[in-house]
Amino acid sequence: MTIDVRPASVFEDVRTLVGPKSPTANVCWCLSYRVPSKLNNELRGPARGEYVADLCRGEPAPGVLAYDGEEPVGWAAVAPRSATSFARSRKIPHIDDLPVWSLWCIRVRPGHRKKGISHALITGAVEFARSHGAPAIEAYPLDNGDDRVDTTMAYPGLRRNFERAGFTHAADTTSVLSGFPRVLMRRDLR
């Protein structure tokens with residue numbers, strides 16, 4: 001199996017990874033960290049998908065997708081931190097004024113997990129940020145040690161996967177998800 005990671009510019013492929021089963025659902029679409037909470041609450045049903053479709057047509061794309069052949073099998077949300085709610089977070093600190101990019105969501109489709117796709121997504125997100133001039137990229141994964149994490153709540157990624165991808169621990173946070181602390185991991189791209 002060869003995994004190819006590409007910019008998330010094909011809306012239908014993004015929908016496959018992060019779209020709800022029902023087009024009228026008011027669930028994430030991976031928007032909760034991307035847009036201010038007021039807008040996130042205002043975007044209802046199909047408007048959420050329409051917003052993401054606009055993002056896919058824009059530059060830069062809203063993230064990267066992993067493909068097995070032409071089948072989309074994974075998603076990673078990555079964008080300049082200044083364009084996300086992490087820019088205003090009280091729980092995840094800023095360690096300096098560098099205009100870093102944030103990587104905050106990794107999703108691998110059921111049936112494709114445990115095949116290294118999350119690693120390919122992290123690497124692809126790093127290269128995507130680098131190609132857009134990012135001086136560094138941050139992630140806010142769970143610090144779960146060897147404890148099992150529910151697949152649904154593992155979307156920020158796991159610390160050890162980011163360490164394998166060359167990220168280092170930059171700061172602790174006060175953010176906790178599914179009972180696990182989140183840490184700020186950073187990789188310098190200069």
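Analyst: Buried means under 20% relative accessible area, exposed means over 50%, and partly exposed lies in between, computed with a 1.4 Å probe on protein chains only. This is a predicted model, in which local features need pLDDT of at least 70, side-chain atom pairs count only at pLDDT 80 or more, and totals for chains, interfaces and linings use all residues. Residues are numbered from 1 along each chain as its sequence is written, and side-chain values use heavy atoms, with hydrogens and water left out.

User: OK, which residues of helix 3 are buried?

Analyst: In helix 3, the buried residues are Arg48, Gly49, Val52, Ala53 and Cys56. They sit on the same side of helix 3, because they cover an arc of only 140° around the axis, the arc being that of the directions from the helix axis to the C-beta atoms. Helices here are DSSP runs of H or I with at least four residues, strands are runs of E with at least two, and both are numbered from the N terminus.

User: And what covers that buried side, and what is on the face turned away?

Analyst: Helix 1 and helix 2 are among the elements that cover the buried residues of helix 3, where contact means heavy atoms within 4.5 Å. The face turned away from the buried side carries the exposed residues Glu50 and Arg57.

User: Switching to the sheet, in what order do the strands run?

Analyst: Seven strands form an open sheet of mixed pairing, in the order 1-2-3-4-5-7-6, and two strands count as paired if DSSP finds at least two bridges between them. The edge strands, each pairing on one side only, are strand 1 (3-7) and strand 6. From one strand to the next the twist averages 25°, with axes fitted as lines to C-alpha atoms, for helices over the stretch in contact, and angles running from 0 to 180 degrees between N-to-C directions.

User: How do strand 6 and strand 7 pair, parallel or antiparallel?

Analyst: Strand 6 and strand 7 pair in the antiparallel sense, over six bridges. Leucine 177 stands opposite phenylalanine 180 in strand 7.

User: Which strands does helix 4 touch?

Analyst: Helix 4 (residues 117-131) packs on the sheet and touches strand 1, strand 2, strand 3, strand 4, strand 5 (136-139) and strand 7, and its direction makes about 150° with that of strand 4.

User: Back to strand 7, then: is arginine 186 buried or exposed?

Analyst: Arginine 186, which lies in strand 7 (residues 180-188), is buried, because its relative accessible area is 11%. Its side chain makes a polar contact with the side chain of aspartate 96 at 2.8 Å; a polar contact is a pair of N or O atoms within 3.5 Å, where within protein one must be able to donate a hydrogen and the other to accept it, and residues adjacent in sequence count only if both atoms are side-chain atoms.

User: Where is the cis peptide bond?

Analyst: A cis peptide bond, with omega of about 0°, joins glutamate 59 and proline 60. Proline 60 is in the loop between helix 3 (46-57) and strand 2 (63-68).

User: And what about phi at cysteine 30 and serine 178?

Analyst: Cysteine 30 has a positive phi near 60° without being a glycine, and it lies in the loop between helix 1 (11-18) and helix 2 (37-42). Serine 178, not a glycine either, has a positive phi of about 55°. Cysteine 30 is buried because its relative accessible area is 6%, whereas serine 178 counts as partly exposed at 38% relative accessibility.
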